[in-house]
Amino acid sequence: MDPVDAEALEAAAECLVRARYAIALTGAGLSVESGIPPFRGPGGLWTKHGEPPMNGFQRFMANPRKAWEERLNPSGPMRELWDALAAARPNPGHDALVELEELGILRALITQNVDNLHRLAGSRRLLEIHGNATLIRCLGCVTRFGRDEIDFSALPPRCPHCEGLLKSDTVSFGEPIPPDVLEGCFEEAARADCMIVAGTSATVYPAAQFPLDVRERGGDLIEVNPYPSELTAVSRYAIQGPAGEVLPRLAALVRERL
Ligand SMILES: [Zn+2]
């Protein structure tokens, strides 16, 4: 028997085709399916190695040189994470979201993941709310750079544009979410009348707010998670299963209807 609720899947595809402005929100569940360890739960980096300090941003600001030395020569759990990030490739769930965007159905994708996999897969209108681990951001002018654009001969590195302090684009604990991304997310959530939530139970603020915003304005939520979550009760369509399996089927059903 098909473990995925085929009826809900069909109805969700209908909903996407009907939607005036559909967006998606993704989280760690999608990355796990690409071999990136989660932070918490079984096999989680922090479960194994202990929780990281909750004031990572303040520690960075107190000694950016030391933070950069650690970043450039990672050890322990950070080494493990960087190795996993370097090896990870997009999975069929990432590809299905690209397809939905190319079909003109999905207008924007908000992700809590920092692993760059949505970019690698080819998503275009992408809002990385917790940043992107492969990028470096200027704390002054908020320009983002690739690693090869930056001179690391003196630490901490400085912005080629404004001499501002550079930091990994990944949003640290205690660090405000960059305003350009946060505003973009709220704007997208305010426009959406349909939202796919995949690989996340969206319990962490501010990401938790976006599905609620869509719901409160009468929009439809399509939840794709392996297990029921707090979102299940408020989702019009809750499809249980791995995103890498469910999203490609959803995209195929949408394509059939266009
Ligand atoms: Zn700058």
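Analyst: The zinc ion takes its protein donors from Cys138 (SG), Cys141 (SG), Cys159 (SG) and Cys162 (SG), which lie 2.2 to 2.3 Å from it; donors here are N, O and S atoms within 2.8 Å of the metal (3.2 Å for Na, K and Ca), and water is not among the atoms, so sites may look incomplete. This is a predicted model, in which local features need pLDDT of at least 70 and side-chain atom pairs count only at pLDDT 80 or more, while totals for chains, interfaces and linings use all residues. Residues are numbered from 1 along each chain as its sequence is written, and side-chain values use heavy atoms, with hydrogens and water left out.

The arrangement around the zinc ion is tetrahedral because its 4 donor atoms subtend angles of 96 to 115°; four donors count as tetrahedral if all angles lie between 85 and 135 degrees. Along the sequence, the donor residues follow the spacing C-x2-C-x17-C-x2-C. Cys138 is buried, at a relative accessible area of 1%, whereas Cys141 is partly exposed, at 35%; buried means under 20% relative accessible area, exposed over 50% and partly exposed in between, with a 1.4 Å probe and protein chains only.

The backbone also deserves attention. Most residues other than glycine have a negative phi, and most peptide bonds are trans. Glu163 has a positive phi of about 65° although it is not a glycine, and this residue sits in the loop between β5 and β6, where strands (E, at least two residues) and helices (H or I, at least four) are DSSP runs numbered from the N terminus. With 56% relative accessibility, Glu163 counts as exposed. The loop between β5 (144-146) and β6 (166-168) also holds Pro156, which is joined to Leu155 by a cis peptide bond with omega of about -5°.

Ala202 lies in the loop between β7 and α10 and has a positive phi of about 45°, although it is not a glycine. Ala202 counts as buried, at 8% relative accessibility.

Turning to cysteine pairing, the count comes to 0 disulfides, a disulfide being a pair of cysteine sulfur atoms within 2.5 Å. The sulfur of Cys15 has its closest cysteine sulfur in Cys194, at 3.7 Å, which is too far for a bond.

Of the 14 residues lining the second largest pocket, the closest to its centre are Trp82, Leu85, Ala86, Ala133 and Thr134. A pocket is found on a 1 Å grid over the protein atoms alone, as an open set of points where a 1.4 Å probe fits, with protein on both sides within 12 Å along at least five of seven lines, and lining residues have an atom within 4 Å of a point. The largest share of this lining, 3 residues, comes from α6.

Conventions:
Tetrahedral: all angles 85-135°; square planar, octahedral: opposite > 155°, others 65-115°.
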